[in-house]
Amino acid sequence: MSEALYLKDCSIMEFDAKVIAVEGNKVELDRTAFYPRSGGVANDTGYLLADDKKYDIIDVYKQDGHIYHVLAELGLKQGDLVHGVINWERRKILVRMHTAAHLLSAIFYNKIGAKITGNQIDVDKSRIDFSLESFDRSLIEAMVEEANKMIEKGAEVKIYFMRKDEALKIPGLVKLAEAQPPDLDVLRIVEISGIDVQADGGCHVSNIKEIGRIVLLKLENKGKTNRRIYYRVE
Ligand SMILES: [Zn+2]
């Protein structure tokens, strides 16, 4: 099992690790700062260096608690020491998109009681699905405007760990309509100061000012429990 460094520190761009398992072009490391695609958020990419040879990482995913790095080339073996380097341009966009999703979901929930039913956070565009009675473009635009005003003002984003029984006393902690808190004694909490508190395993900006501006791209109506909005950040 690998130690997930990104859970404790979202600012790690490079790290040293040891290969603990290899299966074809998939490797598992004893520790990793690469974010695996999970929770509707796209994975990091980057590369591993071993003896001055570079192995590009084309995918990172999680399975049964293990984190697998899919490499463009074969060659690494168990016991190899590697230096991991994360594609920081890509990570920066993903964290801005991800924190924007938290901000938007908080506003939709607090203003009109809309719950998230799904999300897909990616580099070019991101998508959030809401459960919403009326799907009115001007209402959605007003919510996005509200989010952009909050971004201009700024708010700190804090990540910390909390005992589950304590965390569950926080109202609205789990906003994903179908989501149950993970079966753990300690939850990882992502808090946008004064705006939102979520149990979450992802990487985020440290102040919402870093999001920039949220641009609404498209609305799609897939039924009452699936009102989709597409956005990007600029
Ligand atoms: Zn999240």
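**Entry 1: helix 3**

I began with the length of helix 3, residues 137-153, in this predicted model. Its 17 residues should span 24 Å at 1.5 Å a residue, and I found the end C-alpha atoms 25 Å apart, which agrees.

Next I asked which residues of helix 3 are buried. I listed Ile140, Met143, Val144, Ala147, Met150 and Ile151. These cover an arc of only 115° around the axis, so they sit on the same side of helix 3. The general rule I keep in mind is that an α-helix has 3.6 residues a turn, so residues three or four places apart point the same way.

On the other side of helix 3, I noted Ser138, Glu141, Lys149, Glu152 and Lys153 as exposed.

What covers the buried residues of helix 3? I found that the cover includes helix 2 (88-112), strand 14 (214-221) and strand 15 (227-233). After helix 3 comes Gly154, and I read a positive phi near 85° there.

**Entry 2: the elements that cover helix 3**

I took helix 2 next. It has 25 residues and reaches 36 Å from the first C-alpha to the last, close to the 36 Å expected at 1.5 Å a residue. Gly113 follows helix 2, with a positive phi near 65°.

Then I looked at the two strands. Strand 14 and strand 15 run antiparallel, and seven bridges join them.

Where is Glu133? I placed Glu133 in the loop between strand 10 (126-131) and helix 3. Is Glu133 buried or exposed? I count 10 other C-beta atoms within 10 Å, and 12 or fewer makes a residue exposed, so Glu133 is exposed.

I also checked Glu133 against Arg227. The two are 94 residues apart in sequence, and their C-alpha atoms are 9.2 Å apart in space.

Most residues other than glycine have a negative phi.

Asp52 has a positive phi near 65°. I found Asp52 in the loop between strand 5 (46-50) and strand 6 (53-63). Asp52 has 5 C-beta neighbours inside 10 Å, so I count this residue as exposed.

Asp64 has a positive phi near 50°. Asp64 belongs to the loop between strand 6 and strand 7 (66-71). Asp64 counts as exposed because there are 5 C-beta neighbours inside 10 Å.

**Entry 3: the two domains**

Last, I looked up the domains. The domain assignment of the protein gives domain 1 as 8-86 and domain 2 as 91-233. I noted that their C-alpha centres lie 28 Å apart.

How many residues of domain 1 are in contact with domain 2? I found nine, and they touch 15 residues of domain 2. By class, the side of domain 1 that touches domain 2 has five nonpolar residues, three polar and one charged.

How values were computed
Residues are numbered from 1 along each chain as its sequence is written. This is a predicted model: local features need pLDDT of at least 70, side-chain atom pairs count only at pLDDT 80 or more; totals for chains, interfaces and linings use all residues. Domain bounds come from an automatic or database domain assignment. Two residues are in contact if their C-beta atoms, placed from the backbone, lie within 7 Å. Ala, Val, Leu, Ile, Met, Phe, Trp, Tyr, Cys and Pro count as nonpolar, Asp, Glu, Lys and Arg as charged, and the others, Gly among them, as polar. Helices (H or I, at least four residues) and strands (E, at least two) are DSSP runs, numbered from the N terminus. The expected span of a helix is 1.5 Å times one less than its number of residues. A residue is buried if 20 or more other C-beta atoms lie within 10 Å of its own, exposed if 12 or fewer, and partly exposed in between; C-beta atoms are placed from the backbone. The arc is that of the directions from the helix axis to the C-beta atoms. Two strands pair if DSSP finds at least two bridges between them.
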